[in-house]
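Please consult the sequence and model shown below.

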Amino acid sequence: MSLRPVSQGRRRVAITGMGTINALGCNVPDTLAAMREGRCGIGELDFQDVERLSVRIGAQVHGWEPEAHFNRQQISLYDKFTQFTLLAAKEAVGQSGLNFQGELGLCSGVVLGTAGGGLNTWDENYRAVYEEGKNRVHPFVVPKLMNNAAASHVSMEFGLRGPSFTVATACASSNHAMGLAFQMVRSGAARVMVTGGSEAMLCFGGVKAWEGLRVMSRDACRPFSANRNGMVQGEGAGVFVFEDWDHAAARGADILAEVVGFAMSADAQDIVMPSAQGAERAIAGAMQDAGLNPEDIGYINAHGTGTAANDKTECAAVAHAFGHHADRLMISSTKSMHGHLIGGTGAVELLACVMALRAGIIAPTIGYEEPDPECALDVVPNVAREARVGAVLSNAFAFGGLNAVIALKRA
Amino acid sequence: MSKSVQDRVIAIVAEQAMLDPDEITLGSTPAELGIDSLGLVESIFAIEEAFDISIPFNANEPAQSDFDISSMGAIIAAVEKLVAGKA
């Protein structure tokens with residue numbers, strides 16, 4: 001098999017590796033175990049100046065010790081969002097068994113999503129110059145905080161020398177990134193793409209900014225529940241290896257799932273209020289791109305933020321896109337457990353999709369207390385369920401009205 | 001005072017180069033110590049912080065700076081001058 005990118009025809013796309021770190025676990029097995037158990041990763045936030053916040057809960061990665069994973073020089077260059085990304089990427093690439101040091105690296109790349117990039121670095125250095133009155137900052141502030149830092153460090157870590165960049169579409173960033181990675185492998189523009197996203201916004205400035213919008217819950221994330229009162233932020237990363245199917249099959253790789261469709265749309269309406277029509281077009285578009293009928297979809301990992309506006313708009317979009325089948329499919333929001341990882345959220349949520357296809361376990365929507373007639377779908381309340389599903393969707397609908405939906409099939 | 005500037009600058013550069021201070025001589029160049037351009041900028045930042053001075057170093061054109069980085073001896077002499085100028 002030639003290692004040069006093929007330019008003709010549609011290639012099939014296999015997932016051959018996945019990795020993560022988030023509030024539920026520092027790897028994929030721990031995270032999936034937590035999702036199966038319906039464990040909640042949301043708790044009291046712990047960082048400098050947290051007492052000045054009115055929102056003090058989040059799905060934080062507690063006990064994070066960069067020294068356990070990186071040397072001093074690396075830590076001076078890696079913001080937390082880059083650290084999270086590299087840890088997840090090492091797990092994903094390790095599972096894939098791929099080595100990019102040779103010719104394969106020339107036609108393989110990395111595309112990642114993040115909304116805030118090195119937000120902790122901004123926060124720490126603004127504090128230094130504004131609050132502490134310092135007139136000098138560390139020379140690596142810029143290379144640490146830039147949104148493409150994580151993608152660049154992943155490219156360097158593994159020798160990925162093909163198409164590589166970062167996508168920033170707020171809460172849909174990692175779905176857009178994975179969708180583009182999928183399109184590149186499917187078109188033959190790349191043989192392998194390392195893709196996903198990360199976010200590390202849980203710092204004083206990050207949460208303070210979100211407080212301003214007044215969409216954050218002060219007690220819990222309860223998607224689809226009538227008494228829901230807002231979103232809860234999380235942090236972490238999810239990274240996948242998307243590989244040309246024939247390449248994966250030829251080397252006998254363990255194929256975890258197949259990526260079969262992707263669609264994106266813009267509401268072109270409002271900077272924060274979602275539109276059911278925009279969401280529906282992305283949902284229907286992903287099925288069309290995948291050649292799937294509504295009846296083929298057994299599970300949807302919802303955007304499901306737990307805000308009043310998102311959840312009812314999303315349910316309306318699903319009801320309209322699926323017609324009578326909407327009452328037969330399962331739709332859950334795992335944000336109730338790992339929080340909203342903003343630019344990294346779609347990547348962590350795709351883990352739940354792979355678990356549904358591969359293990360036949362549907363992750364629940366926890367914190368569900370009261371039915372909402374505007375969210376009258378099977379939201380898999382509170383307890384995981386066993387079910388055999390052949391195809392799934394993962395929704396992401398960002399502030400700014402930018403929507404991205406991915407379709408996967410059982411391998 | 002002068003001796004202590006030398007020891008402190010060597011200690012900073014040694015930490016950056018991940019070397020023992022004894023392995024650094026006044027004739028050593030940053031390149032010989034394995035310090036790349038980022039490492040050099042980081043060392044200069046650490047020296048500025050340690051002595052509370054401002055070093056006129058331009059990373060675009062290090063040779064055109066008013067700060068001689070050709071050897072450890074040159075760097076130490078320049079730092080001593082800046083520290084003296086502050087007092």
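Contact here means heavy atoms within 4.5 Å. Helices (H or I, at least four residues) are DSSP runs, numbered from the N terminus. The model is predicted: local features need pLDDT of at least 70, side-chain atom pairs count only at pLDDT 80 or more, and totals for chains, interfaces and linings use all residues. Residues are numbered from 1 along each chain as its sequence is written, chains are lettered from A and ligands numbered from 1 in the order in which they are written, and side-chain values use heavy atoms, with hydrogens and water left out.

What covers the buried residues of H8(A) includes helix H4 (119-131) of chain A. Buried means under 20% relative accessible area and exposed over 50% (1.4 Å probe, protein chains only). In helix H8 (residues 204-213) of chain A, the buried residues are Phe204(A), Gly206(A), Val207(A), Trp210(A) and Glu211(A). Because they cover an arc of only 165° around the axis, they lie on the same side of H8(A); the arc is that of the directions from the helix axis to the C-beta atoms. Ala209(A) and Gly212(A), on the other side of H8(A), are exposed. Just after H8(A), Arg214(A) has a positive phi of about 60°.

A nonpolar core is a set of buried Ala, Val, Leu, Ile, Met, Phe, Trp, Tyr and Cys residues joined through side-chain atoms within 4.5 Å.

| Core | Size | Residues, among them |
|---|---|---|
| Largest core | 66 residues | Ile15(A), Met35(A), Phe240(A), Leu408(A) |
| Another core, apart from it | 32 residues | Leu77(A), Leu86(A), Ala89(A), Ala151(A) |

Conventions. Helices (H or I, at least four residues) and strands (E, at least two) are DSSP runs, numbered from the N terminus.
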